[in-house]
Amino acid sequence: MKDVIHISSCTCCGDLLRGAFSRRHLVLSAAAFSAAAVLSPYRAFAAEGHYEAMVLGCIDPRLQEPVHRYTRRRGLTGKFSQFVIAGAAVGVVAEPFKDWQKAFWDNLATSIQLHHIKKVIAIDHRDCGAAKIAYGPEKVANPKIETETHRTAMADFRKQVGERQPALKVETGLMALNGRIEMFA
Ligand SMILES: [Zn+2]
């Protein structure tokens, strides 16, 4: 309301401000519209409720779309919470990233409380820069060694989830850059 009075009483820059105001108004309307469009498929789901899973992924930009495709293939669209951290399971268990890890466990507990998720799905990936930082280049030197490095990290992840959230199911997988995923149990 203040803005409107200011605009109408200002003779020197009223047009400019009015222009800014209407542009801002348009931007806000567009944002509200697109938010509604994005949210509409999920209208049946509430902030608190019963959802399927938390998906844990890496921050790597190359993996966002493949992970998205994977969750869609599994029919999880709109049914999972998401936690994204460099290295995915590696980020949650590797010693060099220990300062980050409480945030994951707290978020997992919050998602269990709010969303009543039944499982956590951790998706590590090949050619992960965070795994290289955490364990050193020799631990990801070739696909075989890389697989073993992630296998170990994901086993540790499953163990820690079991200790902290024993009722929760855990799935762990290693995704190639093309989206192909190899699950480890
Ligand atoms: Zn990564």
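Which residue does the side chain of D106 meet in a salt bridge? The partner is K102, at 2.6 Å from N to O. This briefing concerns a predicted model, in which local features need pLDDT of at least 70, side-chain atom pairs count only at pLDDT 80 or more, and totals for chains, interfaces and linings use all residues. Residues are numbered from 1 along each chain as its sequence is written, and side-chain values use heavy atoms, with hydrogens and water left out.

**Overall architecture**

- The protein contains seven helices and five strands, where helices (H or I, at least four residues) and strands (E, at least two) are DSSP runs numbered from the N terminus.
- Read from the N terminus, the order of these elements is α-α-β-α-β-α-α-β-α-α-β-β.
- Of the 185 residues, 38% count as buried; buried means under 20% relative accessible area, exposed means over 50%, and partly exposed lies in between (1.4 Å probe, protein chains only).
- The protein exposes about 11,100 Å², of which carbon and sulfur atoms supply 60%; accessible areas come from the Shrake-Rupley method with a 1.4 Å probe, and for residues only the protein chains shown count as cover.
- Among contacts (heavy atoms within 4.5 Å) between residues at least 6 apart in sequence, 72% join residues at least 24 apart.

**The zinc site**

- The zinc ion has as its protein donors C58 through SG, H125 through NE2 and C128 through SG, at 2.0 to 2.3 Å.
- Donors are N, O and S atoms within 2.8 Å of the metal (3.2 Å for Na, K and Ca); water is not among the atoms, so sites may look incomplete.
- Along the sequence, the donor residues follow the spacing C-x66-H-x2-C.
- C58 and C128 link distant parts of the chain, being 70 residues apart: C58 lies in the loop between β1 (53–57) and α3 (61–73), and C128 in the loop between β3 (119–125) and α6 (129–135).
- C58 counts as buried because its relative accessibility is 8%, and C128 counts as buried because its value is 3%.

**Salt bridges across the chain**

- Side chains of opposite charge can pair when their charged atoms come close.
- The model has 12 salt bridges, each defined as a side-chain nitrogen of Lys or Arg within 4 Å of a carboxyl oxygen of Asp or Glu.
- K118 forms a salt bridge with E52, and the closest N and O atoms are 3.0 Å apart.
- This pair joins distant parts of the chain, 66 residues apart: K118 is in the loop between α5 (98–115) and β3, while E52 is in the loop between α2 (14–39) and β1.
- Both partners are partly exposed, K118 with a relative accessible area of 42% and E52 with 30%.

**Salt bridges within helices**

- D106 and K102 both lie in helix α5, four residues apart, about one turn of the helix.
- D106 counts as partly exposed at 37% relative accessibility, whereas K102 is exposed at 58%.
- K159 forms a salt bridge with E163, with 3.4 Å between the closest N and O atoms.
- K159 and E163 both belong to helix α7 (residues 143–164) and are four residues apart, about one turn of the helix.
- K159 counts as exposed at 52% relative accessibility, and E163 counts as exposed at 53%.
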